[in-house]
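Open your viewer and keep the sequence beside it. This tour tells you what to select next and what is there.

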Amino acid sequence: MLDFSIPRKYRALIDADRLTFAFQKSVEMLGLSPQTSAALKISDDASIRKLNKAYRGLDEATDVLSFENDFIDLETGARFIGDIVISIEKAQAQAAERGFSLQEELEMLLVHAVLHLNGYDHMEEADLEEMGSLQDEILIAIANPVLGSMSRE
């Protein structure tokens, strides 16, 4: 399950069902329980910049941040893997630069963050290749054309 926090002014721009599908397919392809959940907050550059500075020491806006918070809900038994924050402004700019729709970019960023929440990283070349390959497999499975978008950010 994906819990959303999308400001009203952005809701008409985003297909939440497609984001849910991207999350569910990521969970499935990672071999996680279908009960796995995460929280997604759509933000702006100013807000994500504050988070990036506070948690990564980088005083700049970024496209996506993920905060691992892995626990099991004692009432439901569901696994919560963490929080994801995406800057819609950064996503819009990147989508325009690369010729994709905002929705396609948001889906790619969500998949990328889910991989981070499950221990994948891209600091070393081998890790970059592994994570990039898995990200592309998931994007293909959800019919998203934003392939080969991995970098060492």
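What share of the contacts between residues at least 6 apart in sequence join residues at least 24 apart? The share is 60%. Contact here means heavy atoms within 4.5 Å.

Before selecting anything, note how the values were made. This is a predicted model: local features need pLDDT of at least 70, side-chain atom pairs count only at pLDDT 80 or more, and totals for chains, interfaces and linings use all residues. Residues are numbered from 1 along each chain as its sequence is written, and side-chain values use heavy atoms, with hydrogens and water left out.

**Stop 1: the whole chain**

Show the C-alpha trace. Its atoms fill a box of roughly 40 × 35 × 30 Å along the principal axes. The radius of gyration is 15 Å, which agrees with the value near 15 Å for a compact globule of 153 residues. That radius is taken over C-alpha atoms, and the globule rule is 2.2 Å times the number of residues to the power 0.38.

Now colour by burial. Of the 153 residues, 43% count as buried. Buried means under 20% relative accessible area, exposed means over 50%, and partly exposed lies in between (1.4 Å probe, protein chains only).

Switch to cartoon. From the N terminus on, they run β-α-α-β-α-β-β-α-α-α. Helices (H or I, at least four residues) and strands (E, at least two) are DSSP runs, numbered from the N terminus.

**Stop 2: the sheet**

Select the four strands. They form an open sheet in the order β1-β2-β4-β3, with mixed pairing. The edge strands are β1 (2-5) and β3, each pairing on one side only. On average, neighbouring strands are turned by 15° against each other, direction ignored. Two strands pair if DSSP finds at least two bridges between them.

Zoom in on β1 and β2 (residues 37-43). This pair is parallel and has four bridges. Pick L2, and look for its bridge partner A38 in β2.

**Stop 3: helices across the sheet**

Axes are lines fitted to C-alpha atoms, for helices over the stretch in contact, and angles run from 0 to 180 degrees between N-to-C directions.

**Stop 4: salt bridges**

How many salt bridges does the structure hold? There are five. A salt bridge is a side-chain nitrogen of Lys or Arg within 4 Å of a carboxyl oxygen of Asp or Glu.

- Select E28 and K25. Their side chains meet at 3.3 Å, N to O. Both lie in helix α2 (residues 16-29), three residues apart, about one turn of the helix. E28 counts as exposed because its relative accessibility is 53%. K25, at 18%, counts as buried.
- Select D59 and R49. Their salt bridge spans 2.8 Å, N to O. D59 sits in the loop between α3 (45-56) and β3 (64-72) and R49 in helix α3, so the pair ties together parts 10 residues apart in sequence. D59 is partly exposed at 42%, and R49 is partly exposed at 38%.
- Select D70 and R79. The closest N and O atoms of this salt bridge are 2.7 Å apart. D70 is partly exposed at 40%, and R79 is partly exposed at 21%.

**Stop 5: two buried residues**

Return to the loop between α3 and β3 and pick T62. Is T62 buried or exposed? T62 is buried, because its relative accessible area is 10%. Leaving out residues up to four places away in sequence, T62 touches I48, N52, R56, S87 and K90.

Next, pick Y10 in helix α1 (residues 8-11). Y10 counts as buried at 10% relative accessibility. With the sequence neighbours up to four places away left out, Y10 touches I42, S43, D44, I88 and E89. Now draw a C-alpha distance from Y10 to L147: the two are 25 Å apart in space and 137 residues apart in sequence.

**Stop 6: helix α6**

Finish with α6 (residues 125-141). This helix has 17 residues and reaches 24 Å from first C-alpha to last, close to the expected 24 Å. The expected span is 1.5 Å times one less than the number of residues.

Show the side chains of its buried residues: L128, M131, G132, L134, Q135, D136, I138 and L139. The buried residues of α6 pack against α2 and α5 (102-117). Last, step to A143, which follows α6 and has a positive phi, near 60°.
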